[in-house]
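Let's take a walk through this structure together, one stop at a time. Have the viewer open and follow along.

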Amino acid sequence: MSEEIPDRESIDRIGEEASRDITEASELETLERARIVWLGRKGRLTSALRSIGKLPEDQRPVVGGMINEWKEKLGVLFDNRCAELSGSCREEEPCPGDATLPGRRNWEGGLHILHRVIRNIKEIFYRMGYSIVEGPDVELDYYNFEALNFPADHPSRDLQDTFYVNRDILLRTQTSPVQVRFMEKNEPPLRIISPGRVYRNETPDPSHAAEFFQIEGLYVDKNVSLADLLNDITWFIHQFFGPDARVRFRPHFFPFTEPRAEVDMTCFGCKGEGCSICQKTGWIEIMGAGMVHPNVFKCAGYNPDSVTGFAFGMGIERIAMLKYGVDDIRRFLGNDMRFLEQFWNKTWVGVQE
Amino acid sequence: MGGGAGVKVSLNWLKRYVDIEEDPATLAHDLTMFGLNVESVEVCGGEYTDVVFGRVLECGRHPDADKLSVCTVDAGTGTPLNIVCGAPNVRAGLSVAVAVQGAVLKGGFKIKKTKLRGVVSEGMICSEIELGIGDDAGGIIELDMELEPGASLDGRLGSSDVILDIEVTPNRPDQLSHFGIAREIAALYMRELREPELFDLETGYDFPIETEDDSDCSRYSAAFVGDINIGPSPKWMRDLLISAGVKPIYNIVDVTNFVLLEMGQPLHAFDRDKLGRDGIFIRRGRSGESMYTLDDIEREVGEDVLLITDGETPVGVAGVMGGRDSEITGSTKRVLIESAWFDPRAVRRSSRELKLDTEASYRFEREGDPGITVRALMRVCRLIADIGAGKPEKLHADYLADRELIEPRTITLRTKQANRLIGTRLGADDLVELLSRLQLISVEDGKDINVTVPTFRRDITEEVDLIEEVARLYGYENIGREEGRCSSLFSEVSIVDMRNEELCDRLAARGFAEVITTSFMDPGDPGSFEWGESDPRSRHVEISNPLTVAQSALRTSLLPGMLRVIRRNAPVERDGIRIFELAKVFLQREEGRGLPREELHLTALFTRRSAPLQWHGEQRDFDFFDMTGEAESVLEWLGATKDLVMERIKASEPDFLFEWILKNRPAGNCGMIPGRVLARFDIDTRVYYFDLLIDVFPPGRSGRKSYIRISQYPAVKRDLSVLAPERVTFSDVRNVVKKRAKHLESVRLFDYYRGDRLGERKRSYAFRMTFRSMEGTLDDETVDRTIDKVLAALQNELQVTLRSE
């Protein structure tokens, strides 16, 4: 095929013919064919552009410009026609008849409620400057009792309460051994919380489990005081349970702290009025706390005259039970899906609505 | 000095005003902690390695260059060195300083063997400039000492000095001088500060000084010197100027520069006989007016330029640069030395307008000390008299528009407020003591103190400025470190904890229910799973006083407990279950003593339907690849896919159990739990699982180390359908493709078939490869060539062929 040498008239002729083809195309297929014939790589306008070199030099820019103008114009025509044709014959109704049909779903998932309570508590303490430290579940008797100032005849050391592997090894009954281990390896100041599983050799019933979760905290520095303890705990409770919760501290006993305090807060069931959750007292016990006993510091290799510190601990299940009115502690490790999925839909389990 | 945001000070110079025993590094650190950020410490002059004593043996013309000589030099290296030298004074017999190969001269210039116009040169004969000990670049140093050739000149040449480059913040123009820095050092180390010696000037010279607008120039002082004797400055002054980076010119100019660098006050010396009228008038330029400045450039000096005039003719740009026509020359007899305080804004305007930054304008723009003008004149006159550059007149002239400008300010500092802001427990007497170190004189007034602020501290205008000075003097390093004080203590990030939390979130979001199961296990469980005796999962820790036999062992795997969760949730009723647990298992140590090994596992189980019952299509059961897909996603997130190998557990035949190995360490296992095992747990649906040993994967930095650039060019996609022998897995094929295909972005398998139709023990894989380049759009030919290479490699390495049909 001999290529025609383009001149102005032939260009306009090609252009007009092409526009007719494009605007008159009645189906996408014919439209596409027209595009290939006129605008394609081997199309007539393109080949015209290619043979422009055969023109005298002074005519080239003019004719070239015309060709490009046509290409642009035809491109727009093509796009418009394409949109028209696809509009009329392509677009289907995306939701035939009923847009309220259930959407396509996958199985939902979520975190275990205990995990979420632990996480929220960790989060609050983390922001207060506590670092997260963990330790082993299976522990030496030394760390679980001796280093924590548990006298040999303390009831907690009774075989009834502790699972033993052998004479020296046991399942930790509290997360406090983590604190001793941490103090052995680190110098004050330090401020840590240790969440984890603890074990008590108790026959399970609705309010007792043989394994459950605890979070304990420890703060040691030059001049940590009971006032600091009350401050931190109150802040935590306000963050977790809401600013309306009132907190009270009353003397109590734990071997590894002195002075010590039991921490109560206003019952979130009745806001202090008295109800079944708080057994009509208006108060519920939330944690134990106190100033670290000098003997514990001695075991850790600290000089009790140069440092002071406080420690506190709370049971996770207890908090979740109180918060959600769960009637049986065994639910948590029971993992019934109908139980678990109830707690999947909210990000924050702490503060009361 | 000046220029940027810093000041270069010479240690030798500083020592004129304050004793400094500290080594330069200590001084730099202490100054930095004191608020004067030392950006660099440069030791210059005096210390040279590989600069040696040499003697020029012969000296001849360079064959191709008139100005170069070719010398042979004995530098103690055995054979004499051939050195090309450009100095006019080089000649045979001369004792010289030779920088031999390896020497590093001023400015980091390294000496190595080179060719100069075709002649080899094996070193360099040095001039003062190259050694940084002087400013004479005109010729090489002619040494007048007698040493063995090759003897090191380290410590024998010039004066050694240390240059500190100190960042000066815009509020502290008083630090833009050696004396200013010395004042800080004296305060820092509590040492005596020695004031420079002054000439006794008295006011009363009858000399007209007028201003057009007092707000442009509030103070103009002038001293007068006669019997000018132009000549070079003494060596000690030239050395200090060079150290501070200023080229010595001749005495009268040098002393004004010296006082600028010493006290921070810019001075200018006019040839008094060249002032058209004996008087000074400070005014703005007029439109169309122009003058020649010292740099010999004619400049238009319009209304934005503040001028010093002799009443009519401009003789200088105020605070920026003097005029050419009143410049000091060899024939100058009498000079007027200007020491003024110009409005910082006026100087900045002039400097901007003329695009001219000078040492002087740099200081005026930062609002120097209006109280120092006469002292600076006293100092310059002292120096002029001492070095014999002229005879200062006893009287000086001083125009002061407003006395208040030079009155010291008094500010009350409340002790309580200072302690409150800094966190100290200082007494009023402590504050007085601290501030006195900075020449801030104060008197106690009950619990507070009244502080008199000298004019050089224009930055101190209110109480809080003084409190900052107290904190600085007390030492930022000491604040909050007092005995008996609680420390600030913040949380440490636990990467492991963060990783674990994110991992759980990820699985929960992918539709897994998290479960928390008991740490106990039935001692019979390993048997139910048929774990062999060598399997660590068969060596459990036993509780000596268990609640029940079924709780008398600690779990060695999460699987038994999780299977019980499935059982309890009645999978048929539940339709589909997908659960995970991230928890510890307890493994007895080999020796059987001590605490057990606690290993963190991520275990996931899948059973029954892969999605809830719904109207969109058929429900199907979870299958093997649902399980591996989730496992792959977790492994990818852990950043472990690269070195991970998946293998069938050999002993598991006929069961379908597989194991992951990460760098020869077991990283987990997966598969379909055998039906007979499930039966022992009373489960009759298929259960798939994966179990990962999370501790094996590094907790942090498992993701990308750095970002990968994104190509802006389009991708090219190619599909290949290949026929493979039975033993060849898709991961074999993919590895070969990845190794061979340049520009490969991804490989995705979209069809897999295994069957008789293909012939004995054959399988077919169809996959799509995506290619993309960073450099440009890939063309068909390039991609075709790559495909050919891939196919050839598949054929050679795996006997995999292109499917022909």
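Is Asp575(B) buried or exposed? Its relative accessibility is 18%, and because buried means under 20%, Asp575(B) counts as buried. Keep in mind as you look that this is a predicted model. You will find Asp575(B) in the loop between α16 (571–574) and β32 (576–587) of chain B. Its backbone deserves a glance too: phi is near 80 degrees, a positive value in a residue other than glycine.

Asp682(B) is not a glycine, yet its phi is positive, at about 65 degrees. This residue sits in the loop between α18 (675–680) and β37 (687–693) of chain B. With 51% relative accessibility, Asp682(B) counts as exposed. While you are looking at backbones, hop over to chain A, where the peptide bond from Pro188(A) to Pro189(A) is cis, with omega near 5 degrees. Pro189(A) belongs to the loop between α7 (176–185) and β4 (190–199) of chain A.

Next come the charges. Side chains of opposite charge can pair when their charged atoms come close. Over all chains, a search finds 73 salt bridges. One of them joins Arg191(B) to Glu21(B), with the closest N and O atoms 3.6 Å apart. Arg191(B) is in the loop between α4 (178–189) and β13 (202–203) of chain B, and Glu21(B) is in the loop between α1 (11–14) and α2 (24–33) of chain B, so the pair ties together parts that are 170 residues apart in sequence. Arg191(B) is partly exposed at 21% relative accessibility, whereas Glu21(B), at 63%, is exposed.

Asp296(B) and Arg324(B) also meet in a salt bridge, at 2.8 Å from N to O. Elsewhere, salt bridges link up into a network made of Arg172(B), Asp174(B), Glu184(B), Arg457(B), Asp459(B), Glu469(B) and Arg472(B).

Glu212(B) is placed in the loop between β14 (209–211) and β15 (217–226) of chain B, and its 45% relative accessibility makes it partly exposed.

Conventions:
Residues numbered from 1 in each chain as written. Chains lettered and ligands numbered in written order. Predicted model: local features only at pLDDT ≥ 70, side-chain atom pairs only at ≥ 80, totals over all residues. Heavy atoms only, no water. Helix = DSSP H or I, 4+ residues; strand = E, 2+ residues; numbered from the N terminus. Buried < 20%, exposed > 50% of the residue type's maximum accessible area, 1.4 Å probe, protein only. Salt bridge = Lys/Arg side-chain N within 4 Å of Asp/Glu carboxyl O.
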